[in-house]
Each structure stands twice: as C-alpha cells, then as structure tokens.
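Hello,

Here is the structure I promised to pass on. My notes on it follow below, and I hope they are handy for your own work.

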Amino acid sequence: KFKALLPMVHAFQILVQIVKLFDSKPVLANALKFGRLFVENFLRYAMPIVEALFRAERDEIQGLLKSLQLSTRSLQHFCSHSKVAQNVAVVKHVPLLKRSLEAFVYRVKAMLALHNCQDAFWLGNLKN
C-alpha cells in the first residue's frame, strides 16, 4: 500500500510545480481548491497507512513526507499570493486550504512525537 503513495505524491508535486508556470486566476483557483482536496484525502486515507508503517519504513516515509511538504509549502505561497493580489475568485479557497494544511502539519508532528522522532520535524515561519 505504501508504494502506491509515492507516485501519487510525485504527481501532485509535479502538478503544483506546473501551477507556478501558469499564473492565471482560474489555474490558481483550481490549484487551491483541488490542492485542499488532495491534502484532506491524504490525511483521511494515506496517513493511517503512513502511521502504521512508520517504524518499519521510517526513511522512506520521511522522504515521502518531505516531498509532500514541498508541495504544501508551494500551496501556502499560493495562498499568500492570492491574498496580496486580492483575487476574490481565488481568495475564497484560502481559509479551507489553510485549515487542511494546518491539520496536515499537526498530524505529521503528532506521528513523529509518537515515534520519538521530533528531531525530524522542523516548522519554519511562513511569510504572509
């Protein structure tokens, strides 16, 4: 099951990178809307698998989470950019996405604390 997560996270990372190339309102709105859905579904369906297999495949899971973190950081940047640009069609997706991103951060932090791996977790300051 865990091996199936790698291509999904990689594809999500590629899609988020593509959004950076197309700086239009519809693309950004869809990135925020469907980025939130991806993060929520990852939390709902993939995190139980990740948590169960963490001890056995610690390095692989940390790599997976690091890859996903790159995408979530970009989504956070999109949120900030949308608020600065005052784009109403895009800004309406920001609160729900930020809530999902925060839930993701806390869930990963809790999993690492449960397995005594707090040193693997570092939370940087995000600029608003």
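**The second largest pocket**

The lining of the second largest pocket divides into 12 nonpolar residues, two polar and no charged (nonpolar being Ala, Val, Leu, Ile, Met, Phe, Trp, Tyr, Cys and Pro, charged Asp, Glu, Lys and Arg, and polar the others, Gly among them). This is a predicted model, where local features need pLDDT of at least 70 and side-chain atom pairs count only at pLDDT 80 or more, while totals for chains, interfaces and linings use all residues. Residues are numbered from 1 along each chain as its sequence is written, and side-chain values use heavy atoms, with hydrogens and water left out.

The volume of the second largest pocket is about 210 Å³. Among its 14 lining residues, F12, L15, V16, V19 and A31 are the closest to the centre. Two elements, α1 and α2 (25-53), each give two or more residues to this lining, and α1 gives the most, with seven. For reference, a pocket is an open set of points on a 1 Å grid over the protein atoms alone where a 1.4 Å probe fits, with protein on both sides within 12 Å along at least five of seven lines; lining residues have an atom within 4 Å of a point. The volume is the space filled by probe spheres set on the points, which are joined across faces, edges and corners.

Helix α1 covers residues 2-21 and includes L21 (helices are DSSP runs of H or I, at least four residues, numbered from the N terminus). L21 is exposed, at 68% relative accessible area (exposed means over 50%, with a 1.4 Å probe and protein chains only).

Best wishes

Key
Buried < 20%, exposed > 50% of the residue type's maximum accessible area, 1.4 Å probe, protein only.
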